[in-house]
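Have a look at the model, then read on.

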Amino acid sequence: MSSVGSLSFSLTVFYIRCVPAPNIDTIVSLAKRRGFVFPSSEVYGGLGSAWDYGPLGVELCNNVKQSWWRWLVYDRDDIEGIDSSIILNRLVWKYSGHEATFHDPLVDCRECKSRMRADKLEGYFPEGGRLGEFDANARLRGGLVKCSNCGSTNLTDERYFNMMFRTTLGAAAAEDDPAAVAYLRPETAQGIFINFLNVQTAMRRKVPFGIAQVGKSFRNEITPGNFILRTREFEQMEMEYFVTPDAEHLQMVDEWTALYVEWFKGLGIDGRNLKLHEVPKEELAHYSKRTVDIMYRYFPERAEEERQWEELMGIAYRTDFDLRSHSSKPVDEEGKRINADSTDDLSYFDEPTKTRFYPHVIEPAAGVNRTVLAVLMDAYSERTNDKGETRVILKLAPQLAPIKAAILPLAKNKPEIVGMAKAIKRSLQPMLRAVYDDTGGIGKLYARQDEIGTPLCVTVDHQSLEDEAVTVRDRDTWEQERVKVSELAQHLQRRLQA
Ligand code: GAP
């Protein structure tokens, strides 16, 4: 037995077998067990690839979003925030190009009956071929494309499937009434573009400046899966950075990429689990001249290194495509308006040069859910003791931890100790998220807090009643120190910011 102050515990040697999450399934199980993420609609057998965020999951998501918002909107002086509608005028999606091109090619395997995205299959693209610029069905019929499930080349022709969720507006609207058709937004970006002039004029901004938005987006994905990695409803953190037409756009993509890599590292993600991917020309979205994806190692269990990675976010150079196509003025070669429906011109007048132009855009687009998954996988670690017992420790960055401090009474049958612990919890709450817990022995309580990533535990014991001090225990080192209650709030805040 060893003791710190009057706190006694048995000494079992735990050594760190610092294994990060071996696979996504490990996180799925932890997430459900400890209240981060639950399968949605479970009482009715679930709903393919929909997930609900539990008490700890909602805090973690909020902390990720808050970190992002502070970093871009508060810490910098050149970015404004907005929150636009999810349902926009259908014409937004006509002129953004989504109605015509936001679709995936779909094929079925005649052998194993799997349904897949054709453009993800081996052999789909010819050398240098860009989506829509080669005869994909000729390749499919010629046996050049392989089923990702069984390897067969006996595949159907491809069919295009638009991924936007359709709905109709108004109680009286018929299902097929084109005037009533609306979509759930597939990206938050368009809400930013159509508000470009509103924000610029209201906030008296000069280019370069950015507009940030966090919110839900919806895509009727053909093959959702891998937990919260690919779902039909998800959350994005997008920022459109408006610059002059002659800025160094391609270089700015690199600059924003580097900034985001640092931001992810600041969230506790190991740089070795991040890598950059220059999206090949043939795979660029219709609006993009260049896109770099930041990839995360979501599949460390896969033997081939190149199959371990999936997109965490993308940084695109969108040119002036969106502002120009939502504007009333631009005309085609024959002098006809490109957009016959817009009532506004989203060009910008640059006072110093007395020129008018459509700003170009650098767009870093990140997913909240994919960031949360990467953060959980990277924070996951296990400690095993000499008896072979394993403990999970979630080494979340303090800024992301759902609970910053747990206040634990050493004896729950002692009203004075319980009263003091509850009073400490109440006094800390205005400064940081704290919880009180007395539902087990101290060892179990510590283990539970370790597993959900609480950086600090505060234990109130018998001696606390006399010396007005408590024991503060560190999640990562398990070291304990005695701190005066009068200095506790400051002490915890300092430790959490370190
Ligand atoms: N405005 C550009 C845009 O939306 P994107 O690469 O299609 O670009 C940006 O999406 C990010 O949104 C992705 O990198 C990913 O983090 C997230 N995302 C996209 N589709 C998703 C899905 N089905 N499930 C979860 N996250 C998704």
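A polar contact here is a pair of N or O atoms within 3.5 Å; within protein, one must be able to donate a hydrogen and the other to accept it, and residues adjacent in sequence count only if both atoms are side-chain atoms. Keep in mind that this is a predicted model, where local features need pLDDT of at least 70 and side-chain atom pairs count only at pLDDT 80 or more, while totals for chains, interfaces and linings use all residues. Residues are numbered from 1 along each chain as its sequence is written, and side-chain values use heavy atoms, with hydrogens and water left out.

- Glu311 has a polar side-chain atom 2.5 Å from a ligand oxygen.
- On its own the ligand has 550 Å² of accessible area (Shrake-Rupley, 1.4 Å probe), and the protein covers 91% of that.

**The shell around the ligand**
- There are 21 residues around the ligand (a heavy atom within 4 Å), and among those that come nearest are Arg219 and Thr231.
- β16 (310-319) gives the largest share of the shell, 5 residues, and β13 (233-243) and β19 (360-367) each supply at least two.
- Strands are DSSP runs of E, at least two residues, and helices are runs of H or I, at least four, numbered from the N terminus.

**Helix α14**
- α14 (residues 485-497) has 13 residues and reaches 19 Å from first to last C-alpha, close to the 18 Å expected (1.5 Å times one less than its number of residues).
- Its buried residues (under 20% relative accessible area, 1.4 Å probe, protein chains only) are Leu488, Ala489, His491, Leu492 and Leu496.

Key: Buried means under 20% relative accessible area, exposed over 50%, partly exposed in between (1.4 Å probe, protein chains only).
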